[in-house]
Amino acid sequence: MLTRLCPVSADLRRRVTGRLRNAPDGCRARPGHCPVTGRPRQLRCEKIRNVNPPTGESPFLRACRRQPVPYTPVWFMRQAGRSLPEYRAARASMGMLQACFTPDLVTELTLQPLRRYHVDAAILFSDIVVPLRAVGVGVDIKAGVGPVIEHPVRSQRDLQRLRPLEPGDVPFISQAVSALVAELGSTPLIGFAGGPFTLASYLIEGGPSKSFDTTKSLMYGNPALWHALLSRLADITIGFLRAQVAAGAAAIQLFDSWAGTICPDDYRQAVLPHSRRIFAALAGTGVPRIHFGVGTGELLGLMGEAGAEVVGVDWRVPLDEAVRRVEPGKALQGNLDPAVLLAPWDVVEQRARDVVARGRTAEAHIFNLGHGVLPSTDPGQLARLADLVHSESARVPG
Ligand code: CP3
């Protein structure tokens, strides 16, 4: 049947009819036609659409490089996770970090959203604290809370515990990434790591924080220790990202999620040099680099200066305004408020069209949410949203 639908190789047919097609119970059937290719939709039509071009020609990677694309590529931060019933089932008997260290499960959880949504990229299922645990930091992820650190890092002596990350520290990542690259075919896999401010905030606070008091008190009160800490974190992050790229990740994203809590001058002085070093260390790999934070409207220009090809924007700054704030020569990623997906479809549709329209003012645009998918999101809304972005952006405006 597949042959009549699409002229794909036997190899692809094996891949598509393998893991990717094993849609879980409750997974929405996708009848009708793909809005972009016009092809009858039986399997994942974007898998089929992407088969001939190599990964480098995928719309996602082309947009990262600001090359012309047939439609705006789309993926969702936290596309894998608690919004999916099959995720909750697969994780039921395993802790979050343990799951991140289990290659088969990482592979499965990374693929789950691709069975439901026509997204243009997969993101490795992992967490920003995985490299910390891999170098021996006592850290766990508590359900409903987030990362919790056994011994917070607040002194020079505490720093000694943070050694650089060697490729041999994360064999499970290399295994999962290699398996995923084989499964995904021409769909790119995004690797990621936490940004220096965000990682430091968990280590210093000992867990999640709203006001980051202890973090800021160390940043202002002991700049030498602050920079020593961020420098070590940058080394760990570089090692972690290089391991992902070496195994086949086609792009990387640095999530400095909580950097928006500091002002531009402090960011420039206390964080930017470390982020810049991370991006510079990855430059030679040739994979596109994305830099994202929440509430970073005032920092967008500086985050662009750190060196990534793509700047992620949260929902607080419209994309046409973000274009003015970020230096030329960057692609933008974002930025539908994830909470919009909790509203009726006509609201989602109207807001998503607005994001696509404003995204046209950027040199290149990758559609995403302004932050991660909320656990209460209906996966059906996300499936419709990915299709809407493709059809809306493939249309010539006017
Ligand atoms: O995007 C994806 O699909 C990949 C998955 C991903 C996870 N964590 C899995 C996860 C990514 C990209 C992350 C990054 C991450 N982790 C960030 C940066 C991105 C962001 O959201 O700003 C941060 C700050 C963390 C730290 C962290 N880990 C938090 C705040 C939480 C949520 C705590 C909670 O229970 O509400 C986690 C746990 C976590 N990481 C979950 C998932 C799917 C939930 C774990 C569960 O299933 O209970």
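Trainee: Why are H13 and H15 called roughly parallel to each other?

Mentor: This is a predicted model, so the angle is computed. The axes of H13 (residues 223-247) and H15 (residues 272-283) cross at roughly 25°. Angles under 35 degrees count as roughly parallel. H13 and H15 are therefore roughly parallel.

Trainee: Within what distance do the axes of H13 and H15 come, and what is the hand of the crossing?

Mentor: The axes come within 9 Å. H13 passes H15 in a right-handed crossing.

Trainee: Which residues make that contact?

Mentor: From H13, Leu230, Ser231, Ala234, Thr237, Ile238 and Leu241. From H15, His274, Arg277, Ile278, Ala281 and Leu282. They divide into seven nonpolar, three polar and one charged.

Trainee: What makes S2 and S3 a pair?

Mentor: Pairing takes at least two bridges between the strands. S2 (residues 139-142) and S3 (residues 146-149) have four bridges, in the antiparallel sense. Therefore they count as paired.

Trainee: Which residue in S3 stands opposite Ile141?

Mentor: Pro147.

Trainee: What does Gly144 do in the hairpin of S2 and S3?

Mentor: Three residues lie between the strands. Gly144 takes a positive phi near 75°.

How values were computed. Residues numbered from 1 in each chain as written. Predicted model: local features only at pLDDT ≥ 70, side-chain atom pairs only at ≥ 80, totals over all residues. Helix = DSSP H or I, 4+ residues; strand = E, 2+ residues; numbered from the N terminus. Axes fitted to C-alpha atoms, helices over the stretch in contact; angles between N-to-C directions. Parallel < 35°, antiparallel > 145°, perpendicular 65-115°, else oblique. Left-handed = near helix turned anticlockwise from the far one by under 90°. Contact = placed C-beta atoms within 7 Å. Nonpolar A, V, L, I, M, F, W, Y, C, P; charged D, E, K, R; others polar.
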